[in-house]
Amino acid sequence: MTNTPYDDVFRTLLNDCSFLVLPMLNEVFGEHYTGKEEITFFLNEHFINQQEGTEEKRITDTFFAVSGVKKKKYHWECESKADKSILARFFEYDAQIALDSSSMETGMFVLEFPHSAVLILRGGNSMPDKMRTKIKVPGGEVEYDIEVLKIQLYSMEALFKKNLLFLLPFYIFNYESELAACEIEPEKLAALGEEYIKARKMLEKMQEENKIDIFTKCTLMDMSNKVAEHIAAKYSKVKEGVKKIMTGQILEYEAKIIKNQGRAEGIKSVIIHMYSKGFTLSQIAMATDKDESEIRLIIENE
């Protein structure tokens, strides 16, 4: 299955700002994670055995565990819209995840399915809050749920009130049906711009209050722009309007703060993060305008 820009944004957020997934779990599964829990990501490639004896590789959007009061496994997918195959695909993924970690207990073969959910970007209003799969076996049957998270249910204010910052880059899907009108009607374009100005200001406030760091703020803004560029590809005024607000001046301003005012802690956090993600010393030096010897010293003393 071909990746979309939305898949790329979804996985980028999971990789670079993984802690943002915890409020999502609280919202969807009724958990009570505080943000201090350990998140462990697992390989998202699984091989499904076919009837003719061959194997087919399937890639899930994400499969991870959260270690809180007890350890729980989660499987999340991001879908532009639901299709008829979604439940079958979830069962294949979940069953293979269960098989990969299966165990034997006093002669009993034990399969533990993950807690599963899907983020739906389009058409969520016509979908149920959860999808169900029923498995009939000799002697009875078992049912399990796939939780459905719908971006259409959340206003900009709700995203920040519930700390669902993970959803921010996908917020423009709420305006998808209005983009053509925004392109030709200045009032509607201005209203959309106000939503993103509001988001930028709230992100800046969260950074000032040390609720998020500069890296998280810039990542959310950059990913918001990436989604907008794709979904508004045919609407240049919309695309450029969002880009002007969510990138450009604000990111340049942050870069100047780090470079010209010498915010050592800001530079240090960027260096450590980039190094942990596999960037080379030369790449980090280019991004932070620091000598490789300084970068090496920061890494060694971490």
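Which residues in H1 meet which residues in H7?

**Figure 1. Welcome to the whole protein, with its 12 helices and 10 strands.** This is a predicted model, in which local features need pLDDT of at least 70, side-chain atom pairs count only at pLDDT 80 or more, and totals for chains, interfaces and linings use all residues. Residues are numbered from 1 along each chain as its sequence is written, and side-chain values use heavy atoms, with hydrogens and water left out. Helices (H or I, at least four residues) and strands (E, at least two) are DSSP runs, numbered from the N terminus. Of the 302 residues of the protein, 43% count as buried; buried means under 20% relative accessible area, exposed over 50%, and partly exposed in between (1.4 Å probe, protein chains only). A contact means heavy atoms within 4.5 Å. Among contacts in the protein with a separation of 6 or more, 59% come from residues 24 or more positions apart.

**Figure 2. Here we look into the largest nonpolar core, which has 59 residues.** A nonpolar core is a set of buried Ala, Val, Leu, Ile, Met, Phe, Trp, Tyr and Cys residues joined through side-chain atoms within 4.5 Å. Trp76, Leu119, Leu167 and Phe170 have the most contacts inside this core. Helix H7 (residues 214–231) gives the most to it, with six residues. Take a moment with Leu167: not counting residues up to four places away in sequence, Leu167 touches Met24, Leu119, Leu149, Ile151, Tyr154 and Leu159.

**Figure 3. Helix H1 (residues 5–16) packs with H7 at an angle of about 175°.** The two axes are 10 Å apart; axes are lines fitted to C-alpha atoms, for helices over the stretch in contact, and angles run from 0 to 180 degrees between N-to-C directions. H1 and H7 are therefore roughly antiparallel to each other. Angles under 35 degrees count as roughly parallel, over 145 as roughly antiparallel, 65 to 115 as roughly perpendicular and the rest as oblique. And now for the opening question: on the H1 side you will find Pro5, Tyr6, Asp8, Val9, Thr12, Leu13 and Asp16, and these meet Phe215, Thr219, Leu220, Met223, Lys226, Val227, His230 and Ile231 in H7. This contact of H1 with H7 divides into nine nonpolar, three polar and three charged residues. For these classes, Ala, Val, Leu, Ile, Met, Phe, Trp, Tyr, Cys and Pro count as nonpolar, Asp, Glu, Lys and Arg as charged, and the others, Gly among them, as polar.

**Figure 4. H7 also has helix H8 (residues 236–246) as a partner, with axes that come within 9 Å.** The axes of H7 and H8 cross at roughly 175°, which makes H7 roughly antiparallel to H8. From H7, the contact is made by Met221, Asp222, Ser224, Asn225, Ala228 and Glu229, and from H8 by Lys239, Val242, Lys243, Ile245 and Met246. By class, the contact of H7 with H8 has five nonpolar, two polar and four charged residues. Zoom in on Asn225, which lies in helix H7 and counts as buried at 6% relative accessibility. Leaving aside its neighbours within four places in sequence, Asn225 is in contact with Val242, Lys243 and Thr247.

Figure 5. With a relative accessible area of 85%, Thr106 is exposed. At 31% relative accessibility, Asn163 counts as partly exposed.
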